[in-house]
Amino acid sequence: MEDEKKSSAVSDVSAWAMNVISSVGIIMANKQLMSPSGYAFSFATTLTGFHFAVTALVGFVSNVSGYSASKHVPLWELLWFSVVANMSITGMNLSLMLNSVGFYQISKLSMIPVVCVMEWVIHGKHYSREVKMAVVVVVVGVGVCTVTDVKVNAKGFLCACMAVLSTSLQQITIGSLQKKYSIGSFELLSKTAPIQAFSLLVLGPFIDYYLNGQFIMNYKLSSGAILFILLSCSLAVFCNVSQYLCIGRFSAVSFQVLGHMKTMCVLTLGWLLFDSQLTLKNILGMALAVLGMVVYSWAVEVEKQVNSSIIAHLKSKESSTEEEIRLLKDGAENTNVKDVELGGSKS
């Protein structure tokens, strides 16, 4: 039993580590690829299409080689999920373009309470007071270290709402589909990636043209840009797989809360590698966010232990009730036998 717990803990840590490392790595690679001082490849939506195309190819090779088994998921559910996921990607890009960086960060932070409300509405899930307090601490901490200027307009606000709602729904749906069809994270990703790749590669160039006024066919590829595109696509495979793994193992809320560790890593690496400014306000905000993450992890663990003890108590109560019913039945049968015997002796 202890070996199983240790193995599960190692798998959990490995999934988180893969997600954090690949996510931070892809942000750094994309920063070099897209920045004007780098290769100025400003086609984020099309690049995401490349990401899912490579992920779909890896999934196809895995299925053909027998490494992963293919389970049936209705096509309409895969299409629905892909639409929501693509709305998330497009909404995020539009929100970043139309809003200030400060409001964009606030919209990303709002995903945690939105996911909580959605899980309560859809699945009837409730959270303890400690979990709610930890979520508030994380949101405040990340807000302190990332939010600067806050400017908002009507179009930007609508795009931010679309991005937050679709991203939250997408992350909840990943966990729901895995549980509903008993399908692994990689198998589910292998089914959704081709649909997302096709739709993003078809629509992506037009969305990018609307965002930055440039068409991808006019971009002059260099060997350096190709190298970073391949690096970004390779990291995206690990990022996508680890995201599905983490949400399948934990929950959408946990993924959002602990996922802000990536924000801390990006800020630190930006300071180390790209000479970004790191102020006392940033440091205090990061410290507060990390404290919130630690408290959240503790609160979730306490909640698990409480739920386990309640389930164990209910099971023991059920077993004792069944035992009582069995004894009563045995007692009634014995009484009937005695009555029959007494009746026979009297006659």
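Select α3 (residues 75-98) and helix α8 (residues 185-212). Helices here are DSSP runs of H or I with at least four residues, numbered from the N terminus. The axes of α3 and α8 come within 9 Å and cross at roughly 35°. Each axis is a line fitted to C-alpha atoms over the stretch in contact, and angles run from 0 to 180 degrees between N-to-C directions. Two packed helices are described by that pair of values, the angle between the axes and the distance between them. The crossing of α3 past α8 is right-handed: the near helix is turned clockwise from the far one by less than a right angle.

This is a predicted model: local features need pLDDT of at least 70, side-chain atom pairs count only at pLDDT 80 or more, and totals for chains, interfaces and linings use all residues. Residues are numbered from 1 along each chain as its sequence is written, and side-chain values use heavy atoms, with hydrogens and water left out.

Now show the side chains between the two helices. On α3, pick residues including L78, F81, A85, I89 and M97. On α8, pick partners including L188, I195, L200, I207 and Y210. Contact means heavy atoms within 4.5 Å. By class, the contact of α3 with α8 has 13 nonpolar, seven polar and one charged residues. Ala, Val, Leu, Ile, Met, Phe, Trp, Tyr, Cys and Pro count as nonpolar; Asp, Glu, Lys and Arg count as charged; the others, Gly among them, are polar.

Stay on α3 and select E77. E77 forms a salt bridge with K180, with the closest N and O atoms 3.0 Å apart. K180 sits in helix α7 (residues 154-181), 103 residues from E77. A search of the whole structure finds one salt bridge, meaning a side-chain nitrogen of Lys or Arg within 4 Å of a carboxyl oxygen of Asp or Glu. E77 is buried at 8% relative accessibility, whereas K180 is exposed at 55%. Buried is under 20% relative accessible area, exposed over 50%, partly exposed in between (1.4 Å probe, protein chains only).

Next, step to S182, in the loop between α7 and α8. Its phi is near 50°, a positive value in a residue other than glycine. Then jump to A40, in the loop between α1 (2-34) and α2 (44-64). Phi of A40 is also near 50°. A40 is partly exposed, at 34%. Most residues other than glycine have a negative phi.

Last stop: the cysteines C233 and C239. C233 is buried at 4%, and C239 is buried at 16%. The structure holds zero disulfides (cysteine sulfur atoms paired within 2.5 Å).
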